[in-house]
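Morning, everyone. Please bring up the model on your screens. I'll be quick.

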Amino acid sequence: MPPNNFEQNWALLVHDTSRLIRRRFDVAIKDLGLTQAKWRVLAVLHRSPGLSQSELAERLDIEKAPLGLALEWLEQAGWVRRETDRADRRARRVYLREQSTPTLHAMEERFRQVDGNYQIGRAHV
C-alpha cells in the first residue's frame with residue numbers, strides 16, 4: 001500500500017482504533033461474564049429494540065449462526081426474548097428483558113470510563 005494513500009490509511013486507523021476500544025471495554029466488563037458478541041447484542045438492542053435476527057446480524061456485521069449462539073445464551077440468562085414477527089412468521093424479533101437492566105447500567109458506566117480515557121486524549125489533539 002502506498003504510504004500517501006490517505007483514504008486507506010485513515011480507514012485502517014479507524015478500524016484499529018475501534019478494535020482497541022472494544023478490547024478495552026472487553027477487559028472493563030470481564031467480570032460480567034459477557035463476550036464481545038453478547039455485549040454488542042445487548043448494546044444494539046438497547047438502542048434499537050425489536051430488531052429481527054437478520055437486522056441484528058447486519059448491524060453487528062456478524063453471521064447469523066454466531067448471533068444465534070449469543071442469543072441462545074442471552075435468552076437462557078433471561079436477558080433477551082425472541083418472538084415470532086406478526087407480519088412475517090419466518091422472522092423472529094429480539095427484545096431485551098427487564099432482567100438485563102442492571103447489566104446494561106453496569107455496561108454503560110464502564111463504557112463511560114473507557115470512553116472518558118479516549119476523550120481526554122482527544123482533547124489534547
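Predicted model: local features only at pLDDT ≥ 70, side-chain atom pairs only at ≥ 80, totals over all residues.

Strands of a sheet pair through backbone hydrogen bonds, either parallel or antiparallel. Which kind of pairing do we have here, and in what order do the strands lie? The pairing is antiparallel, and the order is β1-β3-β2. That makes an open sheet of 3 strands. The edges are β1 and β2, and each of them pairs on one side only.

Now take the two pairings in turn. β1 covers residues 51-52 and joins β3 over 2 bridges, in the antiparallel sense. Look at L51: its bridge partner in β3 is V94.

On to the other pairing. How many bridges join β2 to β3? There are 5, and these strands also run antiparallel. E83 has R93 as its bridge partner in β3. T84 has R92. Click on those pairs and you can follow the strands along.

Next, the loop. β2 spans 80-84 and β3 spans 92-96, and D85 sits in the loop between them. Is D85 buried or exposed? Its relative accessibility is 11%. Buried means under 20%, so D85 counts as buried. What does D85 touch, leaving aside neighbours within four places in sequence? The contacts are A91, R92 and R93.

Now the helices. Helix α2 lies across β1, β2 and β3. Against β3, α2 runs at about 90 degrees.

α2 also packs on another helix. Two packed helices are described by the angle between their axes and the distance between the axes. For α2, residues 36-47, and α4, residues 64-76, the angle is about 75 degrees. Their axes are 9 Å apart. Angles of 65 to 115 degrees count as roughly perpendicular, and therefore α2 and α4 are roughly perpendicular to each other.

Who makes that contact? From α2, it is A37, K38, V41 and L42. From α4, it is L67, A70, L71, W73 and L74. Sort these residues by type and you get 8 nonpolar, no polar and 1 charged.

That's my tour. Questions, please.

Key
Residues numbered from 1 in each chain as written. Heavy atoms only, no water. Axes fitted to C-alpha atoms, helices over the stretch in contact; angles between N-to-C directions. Helix = DSSP H or I, 4+ residues; strand = E, 2+ residues; numbered from the N terminus. Parallel < 35°, antiparallel > 145°, perpendicular 65-115°, else oblique. Contact = heavy atoms within 4.5 Å. Nonpolar A, V, L, I, M, F, W, Y, C, P; charged D, E, K, R; others polar. Buried < 20%, exposed > 50% of the residue type's maximum accessible area, 1.4 Å probe, protein only. Pairing = 2+ DSSP bridges.
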